[in-house]
Amino acid sequence: MTDAPNGAYADPAASASAVVDDENEDDNDNGGGGSSGGDGLDLHGTAHWQFLLDMADTRRRVKLYMLNEDRQWDDRGTGHVSSAYVERLRGMSLLVRSENDGSILLESKIEQDTAYQKQQETLIVWSEGENYDLALSFQEKAGCDEIWEKICQVQGKDPSVDITQDVVEESEDERFDDMPDAAPPIKLPLCETSKLEEIAELFSSVLPSPIRREKLAVAIEAEGYIGKLVNLFHMCEDLENTEGLHHLYEIFKSIFLLNKNALFEIMFSEEIIFDIIGILEYDPTTTVPTRHREYLRNTAKFKEVVPMTNTELQTKIHQTYRVQYIQDVILPTPSVFEENMLSSLSSFIFFNKVEIVSMIQDDVKFLSTLFTQLTGEDTDDNHRRDLVLFLKEFCAFSQTLQPPNRESFYKTLSNLGILTSIEIILGLDDEKMKLAAIDIFSYIVEFNQSMVREFILHESSRVDDEDLLINLVIEQMINDSDPELGGAVQLIGILRLLLDPENMMATASKSEKSEFLSFFYKHSMHVLTAPLFANTADNKPSRDDYQSAQLLGLILELLTFCVEHHTYHIKNYVISKNVLSRVLVLLKSRHSFLVLCALRFCRKIVGLKEEVYNKYIIKENLFRPIVDAFLANGDRYNLINSAMIELFEFIKVEDIKSLSTYIVEAFQKELDGIKYVKTFETLKLRYEQQRERNRDKHFD
């Protein structure tokens, strides 16, 4: 079974009083073998009336989660839970009905041998079948207790327990079939300094056995053992007892590997989390303790960019940052651990982030103040930078939300003016702020391209071209100061998403593709191609340093994408601006990767086999620079040679007559000496055969 941390009711997409809109796509996802029609359930009987009562009772309001293949919890919808006898399943079952339309989200029989686990007072977790974990997150503790009592009643268990069955893997079930006392309750040694080595050995020895891990976790929690170990830590640290501190490190490493959410709840409480971090400073494999507590207290200070009135939110932010730090920085690299041994730690962080996003999103006053200060003329740069960085973290946390909830999240930010804010920040002379704004913009574009395109189209009527958001993004890409152009690579990806017709919508009233592409080629394409035209004005690259070549390579990559996907708009632009001629100047670059980018662009145009393009190539004699570069490359067998041969071979195989004739008539003498491939001989032979046929027709 996988623990699902943070049982506090998570509602990341709506305000506390609003009904969550999970959309109909979730309503048909039935866990536990449920069916959308509820076969065998008497909808006019007691179960139906119980459902109506539950709908009016927030105690039974739940979110249904399912663990996906990546060991992340997917939100499958919000509804109301009840227990009822289902004829089709022949037993008492848990039913969750969507609060949107009453359809069944879950119909799961309470089996006698299923291990149900109650966590954090408002969460019930269980497994159905192999790799099929479910969780119910209750809005109120009272509702969780009621359903827990029903489950325990069916299984004949005492409701005071937190888990209804011993979790045993199949192989261990078989091993202990005839040995009921093979895994008795674990007796913990007295928590004394002299016993630390014994405790460390005991904890380490139980890790290979799932049933003994479970029993050890129960014993640790029941005896308040973590608190006792923390007291020993204080003693050992005061006495500089290095051996004892090393044993404590090993003990707590084993506790982490027990993978139990109940123990994480204790360790990550406000009262002792710094003690746990302190214990993890004393790794026996290091000679000097790493001062994690000093860093977290003095260096990594929390900046309250906008006053927070919600103390629970503040506490949750502090806890999440510290637990993430433990996972990412303090704990050994994942290779040290067995697979999935820390899945509950990841789930703990995941649910915390969902709650943080939910609480901030629901705090209208907080968000309004944040955006007012972000765009305010009186806000000083240091504070504005802190606001942008906070917003970036906020958006990063939103990645944990499910698509319907994330859509609601970005709609909230859009209504508050997030894209206008990004536009203002990109117009400032602060590189750190710009980079953070680009990250925020990237999150938005990756999730909802149409929202961004609509904003860009609407602002074009009131903003000059140079101040358009998309042009500011292109300028940021062109002026990336990173020698490796990391930011430019990210921005090319964003622009590609915005220009991809595959994700553009078409309705009866308008076509997003036609409208946006017409806008882009009129107002923005000249900004994107400006470096290309500037660098090829003198029939050779005016700047051929690595960074300039890399930038031009990125631009050519996007232009090649446009040739493939935009057809009409890009064709007009290429021919009217003689773009291919400028691109082929780059064949003279000393950077092979840029030469190949230029060839790819030409190859994409030729590959369309459109006569309009072919006539343009012939008229401008655009194979002249290709043949020159091919001959200059000589006998070297490299990628450039292969790419050029493939271009000519394609024309031959596809029998593009206009280009074949052009190549033979214009370059036959220069290419006659190329004998290591048959391409040019075949082109010449076909040309002569065609002339023969034409001559014969003439005489006929």
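Reader: How many aromatic pairs does a search of the whole structure find?
Author: The search finds 25 aromatic pairs. Rings of Phe, Tyr and Trp (its six-membered ring) pair if their centres lie within 6.5 Å; planes under 30 degrees apart count as stacked, over 60 as edge-to-face and the rest as tilted. The model is predicted: local features need pLDDT of at least 70, side-chain atom pairs count only at pLDDT 80 or more, and totals for chains, interfaces and linings use all residues. Residues are numbered from 1 along each chain as its sequence is written, and side-chain values use heavy atoms, with hydrogens and water left out.

Reader: What kind of aromatic pair do Phe-350 and Phe-351 form?
Author: Phe-350 and Phe-351 form an edge-to-face pair, at 5.1 Å centre to centre and with 85 degrees between the planes. Both residues are buried, where buried means under 20% relative accessible area, exposed over 50%, and partly exposed in between (1.4 Å probe, protein chains only).

Reader: And which residues do ring pairs link into a cluster?
Author: The cluster consists of Phe-366, Phe-390, Phe-394, Phe-409, Tyr-410 and Phe-447.

Reader: Let us turn to the chain as a whole. How many helices and strands are there?
Author: The chain has 32 helices and 7 strands. These are DSSP runs numbered from the N terminus: helices are H or I with at least four residues, and strands are E with at least two. Of the 700 residues in the chain, 52% are buried. Among contacts (heavy atoms within 4.5 Å) between residues at least 6 apart in sequence, 69% join residues at least 24 apart.

Reader: Which members of the largest nonpolar core touch the most other members?
Author: They are Ile-422, Phe-441, Ile-470, Ile-617 and Phe-623, in a core of 136 residues. Helix α24 (residues 546-566) gives this core its largest share, 11 residues. Apart from this core lies another, of 51 residues, including Phe-233, Leu-245, Ile-279 and Leu-296. A nonpolar core is a set of buried Ala, Val, Leu, Ile, Met, Phe, Trp, Tyr and Cys residues joined through side-chain atoms within 4.5 Å.

Reader: What is Ile-470 in contact with, leaving aside neighbours within four places in sequence?
Author: Ile-470 is in contact with Ile-456, Leu-495, Leu-498, Phe-516, Phe-519, Phe-520 and Ser-524.

Reader: Is Met-477 buried or exposed?
Author: Met-477 counts as buried because its relative accessibility is 0%. Met-477 lies in helix α20 (residues 469-478). Not counting residues up to four places away in sequence, Met-477 touches Ala-488, Leu-491, Ile-492, Leu-495, Leu-528, Leu-551 and Ile-555. The C-alpha atoms of Met-477 and Ile-555 are separated by 9.8 Å, although the two residues are 78 residues apart along the chain.

Reader: Back to α24, then. Why does Gln-550 count as buried?
Author: Gln-550 counts as buried because its relative accessibility is 15%. Gln-550 lies in helix α24. Leaving aside neighbours within four places in sequence, Gln-550 is in contact with Pro-483, Glu-484, Leu-485 and Phe-593.

Reader: Changing topic: how much space lies in the second largest pocket?
Author: About 910 Å³ lies in the second largest pocket. Its lining has 30 residues, and Lys-301, Phe-302, Ile-317, Tyr-321 and Glu-393 are the closest to its centre. On a 1 Å grid over the protein atoms alone, a cavity is a set of points where a 1.4 Å probe fits but cannot get out, and a pocket is an open set with protein on both sides within 12 Å along at least five of seven lines; lining residues have an atom within 4 Å of a point. Grid points are joined across faces, edges and corners, and a volume is the space filled by probe spheres set on the points.

Reader: Which element gives the most to that pocket's lining?
Author: That is α15, with 9 residues.

Reader: How many cavities of 30 Å³ or more does the structure hold?
Author: It holds 1. About 40 Å³ of space lies in the largest cavity, and among its 10 lining residues, Tyr-65, Asp-75, Val-354, Thr-400 and Gln-402 lie nearest its centre. Both β2 (73-86) and α13 (343-362) supply at least two residues of that lining.

Reader: Lastly, where does Asn-578 lie?
Author: Asn-578 lies in the loop between α25 (568-576) and α26 (579-585). Its phi is near 50 degrees, a positive value in a residue other than glycine.
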